[in-house]
Amino acid sequence: MLARFVCPATTGCLGLAAQAAARQVGQWSRAYAAAATTELTVRDALNSALDEEMARDEKVYILGEEVGEYQGAYKITRGLLQKHGAERVRDTPITEAGFTGIAVGSAFAGTKPVCEFMTFNFAMQAIDQIVNSAAKTLYMSAGQISCPIVFRGPNGAAAGVGAQHSQCFAAWYSHVPGLKVLAPYDSEDARGLLKAAIRDPDPVIFLENELLYGTAFPVSQEVLDKDFTLPIGKAKVMRQGKDVTIVAFSKMVGFSLEAAEQLAKEGIDAEVINLRSIKPLDRATIAASVRKTHRLVSVEEGWPQSGIGAEIAALAMEECFDDLDAPMGRVAGAEVPTPYAANLEAMCFPQVPDIVRQVKATVGRA
Amino acid sequence: MGKHAYIGCVQDLSRHRRVRDQRCVSAGVNSSPAQGAMASAFARTQNGRVASSRAAQPCRAPLRVRAVATTAKKDSSSAAASKAKLTPEVAKDLYYDMLLGREFEEMCAQMYYRGKMFGFVHLYSGQEAVSSGIIRALRPDDYVCSTYRDHVHALSKGVPAREVMAELFGKKTGCCRGQGGSMHMFSAKHGVLGGYAFIGEGIPIGVGAAFKSAYKRRVLGDESSDSVTCSFFGDGTCNVGQFYESLNMAALYKLPHIFVVENNLWAIGMSHMRSTSHTLGDADFPYIYKKGPAFGMPGVRVDGMDVMKVREVALEAIERARRGDGPTLIEAETYRFRGHSLADPDELRSKEEKAAYAARDPIPQLKRVMLEQGLATEDDIKAIHDRVAAEVEDSVKFADESPKPEKGQLLENVFADPRGFGIAADGRYRYELPGFTSGTAAVS
């Protein structure tokens, strides 16, 4: 099956036959895309979202390393330089603190930048501008100066890139008041959440996943509409279930769905929630699910201490205590900087069997 | 001043004669003092007024440096020249603004020790000539970006003294409703973009505002967009990476931005001499203005205790920026009469150094010039003093009598979009719950 993307506004995204080889469409991806008519990779979803939002609002511009002539380090911005020009798709020097500060300052003055970090590891060079300027200025100025900016890029582990290129920053950014933090999983998430983020008047951290860029997902016609947006702050129930709630985000959603298939064969019916939005966290959806299933497992790639699972655990105590039949289970990455060797790296991040094992333990059938 | 003369006061010319063939000296064209009233005026004031660290050489020798400021547009330079001439209105405005800054800051010290303001307070006393000289030459639609030593920048840009004082007292009538405090003065109306605690942080922000000005012209097609941004920062900041990143990009993208280094020689207790390396060939002083040409923009050093000189240099830089010729780096030699903050015992600076700079206090300097040149009478000056005293008193009274913020204000303005607080257990937005927040109220 070729991945073909049909959308008149984004002719720059044609020629996707090469994507077909990178596809991993599991049977679970069809289960929810009821009215699916088209296959769309996450990369093309992001590219089309950027293209459409730039066409819609000329205050939107992109800056970052290699976003222009190189067509994007991960080809997310492919074709945009040719379409929108060098003033709006700006290749920057390797100078994160500087160009992030410039982007933030220009947002204060009224433009709507999309600031790409080659990976969020490099955003640490600019984290002062993200947290102290972008996140806090609306509050410090008592509402006078807002910051309609999107910081986007790959987050978390890739494959064999070593300790300094593999960290997940969801916990760090979701800690800060004034930032919204989104983590798309599939193409529908990527399109809808990125468009919502660009239109949002607040600073948004948009955590993508490099390994998902090439994955194609079926999307409905509605998703391809140029005004398709998803609400920020609402999670999505990917799979209904009654025995246990699994909460995940980004790539772990796919693993959780696979785990749910395996668990189903053993008679455990898992509900899988795709957070989509780390901040604000959709506490209501999680609580409603736990009210139904009475058991909760969180899954994340990042380190356990003070991670997203820790926040879900607090939520479980605060809002779901009386609904829980067992303590919450948490699956997280190993508490080590990421090693390079492939077999060691595979041990560092949750795999499907790890999720299955934890769910069985939580459900009492270890 | 026939050429696009960018007159920089280059200190200690004996050294510079030795190095003038190296192109890293101030990239402005200076001509012989015969040209232009300002040049000779400068030479006059320079005589016998040098501080201990400089050789007592009059600043008179012509500097043979290659002109870097591009095309010599006679019209704009003569416009700048005529603006630089001090009229009585301009002189009185500068005097009022400097005096307001001084009296305000001194009142802050009093109020701090009486417990009315708290936390970290960094006073600007002594540096007024830089703020007044540069900011009073800006337009209302220009931007200023500053550091924690920002009270006077805000005042010069037009934020009412009442609002600044109330902000310092933590009252809801402050310019940021008490949410920013001393180090975080913001005013959208007056183009004050902060107020930052981290040195170097505000510089890329300022460059970003200049980016917007250029973007408006080049992309959004508004030919009239030529607003300029000035970022103010200190000598210590000039060793921070973000400073260099900003110099690079401002020049690369030819942005209408002015980098203003308020070199007061001290970063808390760290002397500039101990923390900054010299340009190759210099022996005596780590000049900061010389870093400009390395990045492709003119650098100029000016006597920051003389508001007229500062203003002249500022007008030139502003014209450059508005023309589209890009950024400028201005190093203003200045001094803070008080410690780094009100908590600083200020034990490391010598009495001699302090006395030398006190003798160059910018306010009496301007007063002398105004009286000598007939720009103001003694009565005019007294009237300004009375006006400033009344304004400062009024600001304290206003701040004292203003109410503190209400509890509901705590959770306001975290997000421009209040839905950012998320959804409560019952499915409604949290901000809709009773008592959660009173919403995103405007600053009155």
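**How many salt bridges are counted between chain B and chain A?** The count between these two chains is one, a salt bridge being a side-chain nitrogen of Lys or Arg within 4 Å of a carboxyl oxygen of Asp or Glu.

A few notes before the views. This is a predicted model, in which local features need pLDDT of at least 70 and side-chain atom pairs count only at pLDDT 80 or more, while totals for chains, interfaces and linings use all residues; side-chain values use heavy atoms, with hydrogens and water left out. Residues are numbered from 1 along each chain as its sequence is written, with chains lettered from A and ligands numbered from 1 in the order in which they are written.

View 1. Because A:Lys180 sits in strand β6 (residues 180-182) of chain A and A:Asp202 in the loop between α8 (187-199) and β7 (204-208) of chain A, the pair ties together parts that are 22 residues apart in sequence. Helices (H or I, at least four residues) and strands (E, at least two) are DSSP runs, numbered from the N terminus. For context, a search of the whole structure finds 56 salt bridges over all chains.

**View 2. The interface of chain B and chain A.** Here 49 residues from chain B meet 50 residues from chain A, with contact meaning heavy atoms within 4.5 Å. The buried area is about 4100 Å², and carbon and sulfur atoms give 64% of it; this is the accessible area (1.4 Å probe) that two parts lose on being put together, summed over both. In chain B, B:Phe211, B:Tyr215 and B:Ile423 lose the most area to chain A, together 14% of what that side buries.

**View 3. Polar contacts and the chain B side.** The interface holds 21 residue pairs in polar contact, both residues at pLDDT 80 or more. Such a contact is a pair of N or O atoms within 3.5 Å; within protein, one must be able to donate a hydrogen and the other to accept it, and residues adjacent in sequence count only if both atoms are side-chain atoms. On the side of chain B that touches chain A, β2 (186-187), β3 (192-193), α8 (202-218) and α9 (241-252) of chain B each supply at least two residues. The largest share of that side, nine residues, comes from α8(B).

**View 4. Backbone details to look for.** Most residues other than glycine have a negative phi, and most peptide bonds are trans. In chain A, the peptide bond from A:Lys279 to A:Pro280 is cis, with omega near 0°, and A:Pro280 lies in the loop between β12 (277-279) and α11 (283-293) of chain A. The peptide bond from B:Gly194 to B:Gly195 is cis too, with omega near 15°; B:Gly195 is in the loop between β3 and α8 of chain B. A:Ser306, a residue other than glycine, has a positive phi near 55°, and is found in the loop between β13 (296-299) and α12 (308-320) of chain A.
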